[in-house]
Amino acid sequence: MDATLAVSATALWMGLLTSVSPCPLAANIAAMSYLGREVGSRRRTLVGGLLYTLGRALAYAALAAILVGGLLSVPEVALFLQAHMNRVLGPLLVVVGLVLLEWIRLPGFGSRIYDRTGDRLVKAGLVGALPLGAVLALAFCPVSAGLFFGGLIPLALEHRSSLWLPALYGLGTGLPVVVFAVLVSAGLAWAGSAFHRLQAVERWARRVTAVVVIAVGLYYTWSFTIRGGSSL
Amino acid sequence: MKTGALLLALAGSGIAAVTGAGAVAPPKPKAAPAVAASPAASPGILIYYFHATTRCATCRTIEAYAHETVASKFASDLEARRLEWRAVNVDEPANRHFIRDFQLYTRSVVVVDAKDPKRYKVLDRVWQLVRNKAAFQGYVEQEIRAFPRS
C-alpha cells in the first residue's frame, strides 16, 4: 500500500514539475487566461478547469496505453509529437485568440437557433476546455518530453499502469492551471464589484485573454512553425 | 480588422508550413557507427550531451550540471583520456543518426562504451532532478561509476 502511494505521489509530482517548467509555462499561461476569463463565475471557471484537467489526463492515458501496450516505440511517438504538435499549436492559438476577440465568427454563431438556446459562447468555452487540455498536453517541449517519456512511462511500464499513473500525472499538470484560473477569475470579480464595473471588467478580461492567447500563439508559430523546431 | 487579417494570414502561413513539412519526407540518415573509431588513445567511456540548435533554459542547466560533474568528479579520468565529454547538436545532418542509435526522445545525457557503442545508458532521471543540483550531480556521478567498463 505504501509502495502504491509512493508511486502515485511520484506520478503526481512529475505532473506538477511539468506544469511549472519554463517550457510549458507559455501554453499554461494561455490556458489560465482562457479558463479565468469568466469573471464572477468561479463555479464555471472551476468546471472549465476540471474539464481542462480531464482533457490532459485522457490524452496522457491514451498515449501511455499505446506505449505501455507496445503498439509504438517511445522515440517514435515522442519525436513525432514534438515535431508536429507544436507546429500546429501556434496557428491554432492565434485563431482561438481571434475568435475570443470576435474578429472571426465560427459557423453558426449569432444564429437565431443559437440565440434561443442561450449563452452559446459560455457553453463553447466549457466544451472547448477539454480539447484544449488534450491538445496542450500533447504539445511536448524538451522538459515535458523528458518528464513524461523518461520519467512517467518507465514508471507506468514497471507497474503495468497505463491508466492510473498517467491520469495522476495529467492531474498534476492541470491542477496549478485550475487553481490560478480560479484565483484570476475571483480577482477580476472582486475588482469588478469593488469598482461597480463588472461588465467593463468582463469585456477587458476577454480582450486581455485574447491578446495573451494570440501572443502565445505567435511565439509558438515563430519558434516551431516558421523556424521549424528541431530534431529533438 | 486589418490586424486580424494579418494575424490570420500569419497563422495560415504557419498551417501551410505544417502541411508542407508533412508532405516532404526528410532524407533518411545513412547508417553510420555511433562513434567514430580513433585508433590511438581512445577513451573507454564517452559522456554525451545531445542537444538541438534551439536551447531551452532547463536544457542548458542540465548540460552545465552534467559537464561540471564530469569535470570535477572525473578529472583524472578526463586527463588520462579514459573518459571524454562530448556535446553534440543532433540538428546537424551528420549527427542525426545518434537519435536512432541511442533511441533519444529529448535532449539527453548518455553514457556510452566507446569500444562497443551498443552498450549505452540514457540518464532518464536528469529531468526529475534538475531542480536539485546535489541530487542531480550525485545521480550522474553514480551512473558513470556504475557503468561497466568493457
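Author: Hi! One term before we start: two strands pair if DSSP finds at least two bridges between them. Helices (H or I, at least four residues) and strands (E, at least two) are DSSP runs numbered from the N terminus.

Reader: Thanks! Which residue is the bridge partner of H51(B) in β2(B)?

Author: That is N89(B). This is a predicted model, where local features need pLDDT of at least 70, side-chain atom pairs count only at pLDDT 80 or more, and totals for chains, interfaces and linings use all residues. Residues are numbered from 1 along each chain as its sequence is written, with chains lettered from A and ligands numbered from 1 in the order in which they are written.

Reader: Do β1(B) and β2(B) run parallel or antiparallel?

Author: Parallel, with seven bridges joining β1(B) to β2(B), residues 83-89. β1(B) also pairs with β3(B), residues 108-113, in the antiparallel sense over six bridges. There, Y49(B) stands opposite V109(B).

Reader: Nice. How many residues of β1(B) are buried?

Author: Six of the seven in β1(B), residues 45-51. Buried means 20 or more other C-beta atoms within 10 Å of the residue's own, exposed means 12 or fewer, and partly exposed lies in between, with C-beta atoms placed from the backbone.

Reader: Switching to chain A, how many helices and strands there?

Author: Nine helices and zero strands. Of the 232 residues in chain A, 50% count as buried.

Reader: And which residues of α1(A) are buried?

Author: A11(A), M14(A), G15(A), L17(A), T18(A) and S19(A).
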